Amino acid sequence: MLSKNGKSDTRFWDAQRGVIHSSNGGWLAGKGVFCHGYDMLEDLVGKASYFQVLMLNVLGYLPERRLADWLEAAYICMSWPDPRIWCNHIGALSGSVRTSAVAASVAGALAADSSMYGGRTFLAGVDFIQSALAEREARASVEDIVANELKRHRGKVKIMGYARPLAHGDERIVALEEVADRLGFRVGRHLQLAYDIEAILQRDFGESMNICGYVSAFLSDQGCKAEELYRMSVLCVTSGVTACYIDAREKPPEAFLPLRCDDIEYRGQAARELP
Amino acid sequence: MTRQRVKVKRRNEKFVQRTATRIWQEQASAENPYIAGSCRCHGYDLLELMSGRSYVDVLYLLFRGELPGKDESGLLESLMISMINPGPRHPATRAAMNAGVSKTDPVHILPVALTVMGGSHLGAGEVEAAMRFLRKQGGSDPGTLASELLQNPMPEQGEDWCLAPGFGRRFGSAERLPGEIARRLAALPGSGAGLRWGCAFADALAAQRLGWLNTGVVASVLVDLGFHPRDGAGIFQLLSAPGLLAHGLELANKPVTAMPYVDDEHYVIEKR
């Protein structure tokens, strides 16, 4: 839009110059530290868990303690100290060349921002189960929902939340189910549908739900949106990355899976002279 | 509901025994298989490239597999100069400066800034989409396409508008420099259909105060040079890296007070 003098109308940006408008909170010296309406030091420190505050910063409201405890358990399931896992591998490589622990850990977290594993998969996982439930409640059968999804992927079981990479079966789901039971959560509509879909995939393909499918369905039942779950899981792999960094850091440099020249297979152009 | 414990077994995918590359060949030295005695990039000896070709030529070789001709090399070098610094107001540069002034370990300044430069608005995350847009629309009439896209509802006042990947407006106006850079690049002998089409498209948008964005300029040159869209994001980050680092380091030796810190009077906590 142009103003009357023919110049661009920049009033919106002018109003933002030099001023921060925060929807979250902040530290006002002498007044306190505020977080979504809570006084952090008075209301939260020693009273809420770290995971409750993590969720408060994502959701804008303080969730009940048991849900934060469940998310914390899910975090434990999503990171373990095995350097063969891609993000952890990066942690170990970082240790072998002596980066800082922070650099190694955030590099691993960044690597897990992947469409194959890590927190980003929840975007598709939640989208799938929430769309599937909408179809189910519009009277589609579970068989039809599965058939349509298979058709989209030319008959392959490429449904986000099912068919775990590297392995059949996912022992983490059983562990999280036990946590959910202990905390008093019931199976909701999303999770029940997730189980029903799993039963068909198990029957026809021998494939089962993976942790992405379980967490996506469970937290959908708790009212989470896809982006919220993604944001709550930003650091879900870091403890394992840090562990693998430390393991390599405490060994001699370049001792983690060293490569000889011929350990890389060259398939390119033969040696040639510059023109 | 807790089900029975599942039996977990590996899928036994067949992973390769060795990673393969077409880019780089390291020949082991005679005395130690871990030490390279020579390196070749797509068949050319690295030491010969050092003395015989420019940095820009070897950069092109790395990604395209062949050395560029004089025209391609000239186009890429001009692009690299034009994009060498996003400038001190770009959010990625500000991130570098913020890290520098707050005494972040200097080894982190560039990764921090490049991460911010990965955004999908004015950043690397937009370049692949812009390359795909240019490749897909390159055969269409730019004026007709512009008219069609302008039928879409405009955003609220006070928002940047990206009409198509790589084309839009910032702060209520078309950017001037990207348009001028694109015009000069299009005049070079190495330029091709991507730049020409983009210039015509930008001309068709000009009356609506829309035009080239830097992301679109980079995308069009990379299309003309035959790069794959998947290469676009990383190369855009690479092109901007020198300026990001220079600004970050400039602040690294200054006191923390060398950048503004918003005081409490200008920090507004909004009630939801």
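Predicted model: local features only at pLDDT ≥ 70, side-chain atom pairs only at ≥ 80, totals over all residues.
Q: What is to be noted about the phi of Leu166(A)?

A: As a general idea, most residues other than glycine have a negative phi. Leu166(A) is not a glycine, and yet its phi is positive, at about 75°.

Q: Where is Arg154(A) placed in chain A?

A: Arg154(A) belongs to the loop between helix H8 (142–152) and strand S5 (167–168) of chain A. The phi of Arg154(A) is also positive, near 50°, in a residue other than glycine. Arg154(A) counts as exposed because its relative accessibility is 80%.

Q: How do helix H9 and helix H11 of chain A pack, and at what angle?

A: In an α-helix there are 3.6 residues a turn, so residues three or four places apart point the same way. In chain A, H9 (residues 171–182) and H11 (residues 211–221) pack at about 25°, and their axes are 9 Å apart. Angles under 35 degrees count as roughly parallel, and therefore H9(A) and H11(A) are described as roughly parallel to each other. Their crossing is right-handed.

Q: Which residues meet between H9(A) and H11(A)?

A: H9(A) contributes Arg172(A), Ile173(A), Leu176(A), Glu177(A) and Ala180(A), which meet Ile211(A), Tyr214(A), Val215(A) and Phe218(A) of H11(A). By type, the residues of this contact comprise seven nonpolar, two charged and no polar.

Q: How many residues of helix H10 of chain B are buried?

A: H10(B) spans residues 214–224 and is mostly covered, with nine of its 11 residues buried. Among the buried residues are Thr215(B), Gly216(B), Val217(B) and Leu222(B). The buried residues of H10(B) pack against several elements of chain B, including helix H3 (70–82), helix H6 (127–137), strand S8 (211–212) and helix H11 (232–252). Gly226(B) follows H10(B) and has a positive phi, near 85°.

Q: What is the area buried between chain A and chain B?

A: The size of an interface is often given as the accessible area lost when the parts come together. Here the area buried between the two chains is about 5,400 Å², and carbon and sulfur atoms give 53% of it. Cys261(A), Arg272(A) and Leu274(A) supply 14% of the area that chain A buries against chain B, more than any other three residues. In terms of contacts, 62 residues of chain A are in contact with 57 residues of chain B.

How values were computed:
Residues numbered from 1 in each chain as written. Chains lettered and ligands numbered in written order. Heavy atoms only, no water. Helix = DSSP H or I, 4+ residues; strand = E, 2+ residues; numbered from the N terminus. Buried < 20%, exposed > 50% of the residue type's maximum accessible area, 1.4 Å probe, protein only. Axes fitted to C-alpha atoms, helices over the stretch in contact; angles between N-to-C directions. Parallel < 35°, antiparallel > 145°, perpendicular 65-115°, else oblique. Left-handed = near helix turned anticlockwise from the far one by under 90°. Contact = heavy atoms within 4.5 Å. Nonpolar A, V, L, I, M, F, W, Y, C, P; charged D, E, K, R; others polar. Buried area = accessible area lost by both parts, 1.4 Å probe.
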